[in-house]
Structures are given as structure tokens and as C-alpha cells.
Amino acid sequence: MLSLLAVATLVSARYKTCTITYDDFNNANSNIEKLYVASDDSTIATDALRVTLESNYYSLTNQSGRILYNKSFTLWEGRNDTYSDRVASFDTSFLVTLEQMSRFATPGEGLTFVVAPGLNHPPNSFGGYLGLTNFTTDGNVSNQFIAIELDTFKEDFDPDSNHFIAVYMAQQNTSEDPTPPRPDTPILKSYLDLRGVVNQNSYFGFSASTGNSTEFNRVLRWNLTVEYYHDENCLKIALIVGIPTVLVLLSALVSLVYYFRRRWLWQQTDRQMSGKVKSMPGMPREYQYKELQKATNNFEETRKLGQGGYGVVYKGYLANQKDLEVAVKRFSRESLKGQDDFFQELTIINQLRHKNLVPLHGWCHNHGKLLLIYDYMPNGSLDKHLFGDANNNPLSWNLRRKIVTGVASALHYLHNEYQKKVVHRDVKASNIMLDAEFNAKLGDFGLARALDYEKTSYIEPEGVLGTRGPGAKIDPYPLLVDWVWALYREGQLLEAMDNRLEEDNVAEEVQRFLLLCLACSHPTASERPKTQEIVQMQSGSVLVPYVPSFRPAYMSPLPMWEEDTNDTTSLITPDCESSSAPGAINPEIQLASS
């Protein structure tokens with residue numbers, strides 16, 4: 001892992017200074033909302049800007065990301081051909097980690113500090129393009145950006161391994177004093193008139209990419225100072241100092257009006273949401289935000305249990321209930337979309353009662369803060385045992401069988417035993433929680449939808465949602481299921497079994513579960529076994545259906561057209577999730593889902 005401090009500098013006389021500092025990236029930072037995530041391959045975590053994603057459930061290859069400060073800076077005034085018109089310079093320092101997947105893996109591709117003309121992110125800018133350009137825009141003079149590369153993979157077109165303007169590097173110190181001092185001289189230096197390259201109004205931030213080689217690209221800290229010194233700016237500052245007191249008071253009054261109006265809007269939204277939630281039968285307790293702050297020690301980083309697109313989950317202790325351990329799910333998107341996700345999950349999970357579903361303990365909607373409180377699961381999520389640190393102590397076959405049969409039972413309940421058909425739409429290892437006895441509890445119903453029984457599927461207007469399963473990374477198979485099907489075709493299906501399973505006399509049962517996995521992975525939904533049959537097949541009371549040696553090709557079903565109340569036409573497709581089945585045998589195999 002490379003951990004370094006990099007500083008890019010242009011020196012000039014200073015007059016007015018704007019400084020932006022991020023020592024961390026949690027929601028308490030007053031400037032966190034001013035960061036713009038320009039790419040689906042980037043995210044802001046509490047500990048770092050993760051310029052490329054790090055989830056096990058997305059392919060880590062061929063990503064490109066970009067995160068920028070969302071306000072532009074005017075770097076000069078006047079024409080490009082007169083030096084006297086310069087108005088600003090900047091000084092930036094950042095602490096980054098570029099971490100390869102393992103000691104023996106090849107890292108790639110790299111991270112850049114970029115001065116960009118806009119907030120847009122170019123598509124298909126993975127690999128050597130480093131999130132900056134792509135094959136159609138590379139080399140165009142209209143790009144108007146400059147970047148300091150921390151390049152970890154030498155492409156054929158790279159002149160050498162040095163891609164910096166003026167950069168200082170220092171080894172990171174101990175955890176007690178992690179910021180290294182800036183060296184006296186840079187390791188690399190070059191002079192460049194930026195006016196002939198970048199846009200007059202430009203944005204500062206970071207971009208990164210992965211290619212066939214992958215790495216984690218993180219920005220841990222960032223300081224940016226922009227210095228204005230033009231005479232016109234001096235005049236503006238002098239005028240501001242001379243503003244009459246009455247205007248200062250008026251400005252303060254406007255700020256107070258804005259604050260109290262925003263507070264009033266929060267209160268109105270809280271009342272509407274609380275009234276809507278409380279009107280539903282059987283709703284659990286409503287908590288105050290300050291109660292959950294105390295329970296999580298103000299959402300302390302060490303209490304964090306997990307993180308996703310919805311927000312962060314923290315471990316908490318409810319003092320007024322004899323230190324009851326709970327998991328507090330804090331939604332990060334305080335917007336209409338966040339409100340919809342919060343309400344959707346709350347209304348669905350509250351009505352469900354099954355031993356293999358995570359129980360809802362309470363909820364909170366205060367000052368725009370959205371939180372759900374669940375029972376705490378001591379053994380965490382399944383992905384930690386399959387892919388994370390916990391896999392050093394692998395799950396036994398008996399526990400794996402117990403987990404997948406528990407999830408199958410939960411899906412059968414959702415699809416057939418509840419008053420409506422509930423499609424979860426995001427069944428994956430990180431959403432399967434394990435209690436103290438390793439009983440599986442299916443959670444995270446943020447994407448779930450409840451359908452009337454005559455419906456067989458649910459498709460959002462923007463398309464199918466959920467999480468992409470992990471790639472095989474086994475040449476030449478792009479997907480894990482293709483590799484398993486190839487083993488089955490060659491009569492070597494048990495090669496997919498985790499070699500850490502040392503129990504005797506389990507091969508026959510493992511093979512039955514693997515065949516069931518393949519049956520549930522049939523490309524045509526109507527050919528997959530239903531959840532009731534899956535539960536029976538797992539117990540051995542019903543035989544696994546015939547599985548062809550070659551993975552069948554997808555056969556598009558005949559459409560069934562249905563008129564809705566607005567006289568528009570919608571396409572109803574056959575059920576996918578209800579005929580899917582869990583069946584994780586090898587630690588690289590997830591629960592199969594739609």
C-alpha cells in the first residue's frame with residue numbers, strides 16, 4: 001500500500017484567501033455537502049473519498065470515478081495573452097492511499113488531482129484514461145484540464161513513470177502524528193502557464209480509474225487554498241468594510257429568517273411523516289434523534305457496522321432499555337429520494353413477521369434525519385464470513401446449509417405466505433444477517449416492493465435495480481455461474497466446493513445444493529423451480545430437477561399486455577426473484593437472486 005502526502009503549488013502574491021480543509025469526510029464536516037460525486041463508480045465514506053468503488057459485489061475492474069468541489073474558482077481575469085491580468089493562484093495538499101488487492105496483485109491504474117472545466121465525468125474513461133478522458137476525447141485541445149497523476153500502471157503511451165508538475169512526497173508518520181512534514185524541495189518540478197490549458201473558471205478535485213488491474217483509490221485528507229490578489233478584489237473588500245451598520249444588521253436578519261424557515265420546514269415534514277407512519281397499524285416505537293445520538297455515542301466511527309448506498313449502520317445501546325443492543329440505520333440522503341427509500345423500507349418491513357427476517361425495533365424522523373432501528377445481529381453479515389476478515393474461520397457446511405435454507409424459507413414467505421407478494425430485489429450476502437446462533441435474517445428492504453398477487457414482477461421506469469453479482473475472475477469465465485456450469489459439464493461439479501470444508505460425508509449433499517443453484521440460475525424464469533419446491537429440494541424430500549450439461553440460452557417470454565388506470569400500456573414480465581434460490585457453497589458464490 002502506498003501512503004503519501006502530495007502538494008501541488010503555484011506561488012504568487014496573496015491578498016484574499018479561500019481555504020477548504022477536509023480532515024475527514026463525515027457528515028459533521030461543514031463542507032461535506034460541497035463535494036460533488038460525478039460518477040457512479042465513486043462514493044464519499046466517513047473515512048475517505050473513495051474515488052473508485054471497493055464493494056465485493058461490483059466488478060472492481062474497468063472503473064472510472066471523479067469527485068470535485070462543486071464551486072468553481074476564477075483563476076484569472078482578462079485575456080490569456082497578458083500576464084498582468086492574473087488574479088489567483090492555488091496551493092493544495094492531500095493524503096491518499098493507493099492500495100493493491102494483495103501483495104502479489106498488480107495495482108492499477110492510478111489517481112489524479114485534477115483542475116477541470118466542469119463537473120461532468122466523461123464516460124468510458126477507465127484504464128489508462130484515469131477518469132480524465134476517453135478514446136474519443138483524448139488529446140483534444142478542448143478538454144481544458146490539467147491533472148497531477150499518481151500513476152501506478154505504466155501504459156504503452158506513457159513516456160516514462162513521471163507524470164507530475166511540482167510534487168512533494170513524504171512517508172506517512174505514526175498513527176499518533178499521521179501527517180508528515182512537507183519536505184524542503186519537491187521531488188519533481190515543472191513550470192507551466194495554466195492560462196493556456198485550463199478553463200478560466202475551473203473546478204478542483206480528484207479522478208481515478210482501474211483497468212484489468214485494480215486497486216483502492218482513497219483520498220484521506222484534502223486542503224485547498226486559493227489566493228486572490230488583483231487590485232479590483234482589493235477595492236471590493238474595502239467597499240464591504242465600509243457597508244453601513246444597518247445593512248450588516250439586515251444581512252444578519254435575513255440569515256435568521258432563513259434559519260427559522262428551514263427549521264419550520266423540517267418540523268412540518270417531520271409532522272407529516274410522523275402522522276403518516278403512526279397511522280399505520282402495528283408500527284413500532286418512534287425514537288427521538290437525540291436518543292439515537294446518545295445510543296451510538298454521536299454516531300462514532302468505531303460503532304460503524306456497515307455502509308451502502310442508503311447510508312451507514314451503527315451499533316447502539318439503548319440506555320433506557322437496560323442497554324439493549326440495536327443496529328441503527330442512518331439514511332444519508334436527506335432528500336425526496338431518501339424520504340421515499342426510508343418510507344418504503346419502513347412500511348414493508350413493519351408488516352412482515354418471519355423468523356428469518358431482521359426484526360424492526362423502531363424508527364426516527366427528526367429535522368430531516370431518517371433512521372431505522374433493528375435488532376443487533378452479533379455475527380454480522382454473511383459477506384464478512386465469505387469475503388472479509390471472518391473468513392479466516394470458515395463457516396462449516398452445517399452452518400452454510402442452515403443459512404441458505406433460512407433465506408429460502410424467508411423468500412418463500414415473502415412470495416407466497418404474506419398477504420401480498422413482496423419482491424426483495426437485492427438479495428446478497430451483505431444483506432443477510434446472522435444472529436448469535438447463525439440463524440439467517442434477511443434485511444435491507446430499501447428496494448423491496450409489495451405487489452398484488454396477480455402481478456409477477458416489478459420493474460422501475462429506469463430499469464432493473466439491485467446489485468450486480470461478483471465476477472468469476474477465472475479465465476475464461478466472466479461470471480461465476482459460467483465456471484460452475486463448465487465444471488458440471490465436465491463431471492467435476494464438486495471442484496466448486498470450498499476446499500476448507502473438511503467434514504466427512506457431505507459431498508452428496510453439497511452436489512445436490514450445487515445442482516439446485518444451477519437450476520435456479522436458468523436464464524428463463526419459467527424454467528426455474530419455485531420457492532416452495534426449493535425448500536423441499538433443500539430438505540431432500542423432492543428431487544432436484546434435471547439440469548442440462550450446457551447453460552441454456554435465454555428465451556424471451558411472450559409479452560402479456562395489461563391496461564392500467566391511466567389507459568397507458570405496461571409490459572408484465574414473468575417472475576424472476578420468486579423462482580430464484582439461495583445456494584452459496586464456495587465462498588465466492590453468493591446467494592442466487594434476480
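Which residues form one aromatic cluster? Y22, F25, Y69, F73, F90, F94, F113, F204, F206 and W222 do.

## Basis of the model

This is a predicted model, in which local features need pLDDT of at least 70, side-chain atom pairs count only at pLDDT 80 or more, and totals for chains, interfaces and linings use all residues. Residues are numbered from 1 along each chain as its sequence is written, and side-chain values use heavy atoms, with hydrogens and water left out.

## Aromatic pairs

A search of the whole structure finds 15 aromatic pairs. Rings of Phe, Tyr and Trp (its six-membered ring) pair if their centres lie within 6.5 Å; planes under 30 degrees apart count as stacked, over 60 as edge-to-face and the rest as tilted. The pair Y22 and F25 is stacked, because the ring centres are 5.4 Å apart and the planes are at 20 degrees. Y22 has 0% relative accessibility and therefore counts as buried (under 20% relative accessible area, with exposed over 50% and partly exposed in between; 1.4 Å probe, protein chains only). F25, at 2% relative accessibility, also counts as buried.

F299 and Y314 form an edge-to-face pair, 5.2 Å centre to centre with 70 degrees between the planes. F299 lies in the loop between α3 (289–295) and β16 (304–307), and Y314 lies in strand β17 (residues 311–318), so the pair ties together parts that are 15 residues apart in sequence. Helices (H or I, at least four residues) and strands (E, at least two) are DSSP runs, numbered from the N terminus. F299 is buried, with a relative accessible area of 8%, and Y314 is buried at 4%.

## Charges over rings

F299 also has a charged neighbour: R330 lies over the face of F299, at 4.3 Å from the ring centre. R285 lies over the face of Y287, at 4.2 Å from the ring centre. A charge sits over a ring if NZ of Lys or CZ of Arg is within 6 Å of the ring centre and within 35 degrees of the ring normal.

## Strand β20 and its partners

Strand β20 (residues 369–375) is mostly covered, with 5 of its 7 residues buried. Two strands pair if DSSP finds at least two bridges between them. Strand β18 (residues 324–331) runs antiparallel to β20 and is joined to β20 by 5 bridges. V328 has I373 in β20 as its bridge partner.

Strand β19 (residues 360–366) is likewise antiparallel to β20, with 6 bridges joining the two. Here the bridge partner of N366 is K369 in β20.
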